[in-house]
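Q: Could you take me through the surroundings of the ligand in this one? I'd like a close look at that site and what holds it.

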Amino acid sequence: MKKTIFSALLLAGLAINAKAQDFPEDIKPLVTKYACTACHKVDARLVGPAYTDVAKKKYTNEKIVELIGAPKPSNWPGYPPMAALKVPKEDAMKIAGWINSLAAKSKGKAKKS
Ligand code: HEC
């Protein structure tokens, strides 16, 4: 059952969004389903900040989940405000955990923030 849902999401993701390429296989279906990819890329600014830049803020996973449901545009001067999104906690936690995993990877790279 779970597998069927996953495959369906994956297919939908592939069909809808070519921009989601940089996202890992387990995260891609989520960020596509909730349309995060319309405004966010992994490591470049789009409408919203790159997830690698969000990772630099060192939020807890819980905090990221909270911010998805209730964004604080004042955290990102120079960006338009993000609309509050309804993402089920379980899925939001997966996305949040992945965003935070980017912090480790980007260590040592370009230090401008
Ligand atoms: C319509 C465009 C848009 C969509 C869709 C969107 N975002 Fe954003 N996001 C933004 C913008 C713009 C910002 C920076 C301004 C702000 O935080 O309000 C942002 C900021 C964020 C932040 C940083 C919050 C902070 O306060 O530091 C996170 C985390 C985030 N988005 C995650 C997501 C996730 C996950 C999704 C999909 C569920 C998503 N966004 C969908 C535009 C979007």
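A: Start with histidine 40: an N or O atom in its side chain sits 2.7 Å from a nitrogen atom of the ligand. That is a polar contact, meaning a pair of N or O atoms within 3.5 Å; within protein, one must be able to donate a hydrogen and the other to accept it, and residues adjacent in sequence count only if both atoms are side-chain atoms. Bear in mind that this is a predicted model, where local features need pLDDT of at least 70 and side-chain atom pairs pLDDT 80 or more, while totals for chains, interfaces and linings use all residues. Numbering runs from 1 along each chain as its sequence is written, and side-chain values use heavy atoms, without hydrogens or water.

Now the iron atom of the ligand. Its protein donors are His40 (NE2) and Met82 (SD), 1.9 to 2.1 Å away; donors here are N, O and S atoms within 2.8 Å of the metal (3.2 Å for Na, K and Ca), and with water not among the atoms, sites may look incomplete. The six donor atoms around the iron subtend angles of 84 to 180°, which makes the arrangement octahedral (six donors, opposite ones over 155 degrees apart and all others between 65 and 115). For reference, the ideal angles for six octahedral donors are 90 or 180 degrees.

Where do histidine 40 and methionine 82 come from in the chain? Histidine 40 is in the loop between α2 (28–33) and α3, methionine 82 in the loop between α4 and α5 (89–106), so the pair ties together parts 42 residues apart in sequence. Helices are DSSP runs of H or I, at least four residues, numbered from the N terminus. Histidine 40 is buried, at 11% relative accessible area, whereas methionine 82 is partly exposed at 35% (buried is under 20%, exposed over 50%, partly exposed in between, with a 1.4 Å probe and protein chains only).

Stepping back, 26 residues surround the ligand, with Cys36, Cys39, His40, Tyr59 and Met82 the closest; that takes a heavy atom within 4 Å. By class, the shell has 22 nonpolar, three polar and one charged residues. Both α3 (51–56) and α4 (61–69) supply at least two shell residues each, and α4 gives the most, with three.

Technical notes:
Nonpolar A, V, L, I, M, F, W, Y, C, P; charged D, E, K, R; others polar. Tetrahedral: all angles 85-135°; square planar, octahedral: opposite > 155°, others 65-115°.
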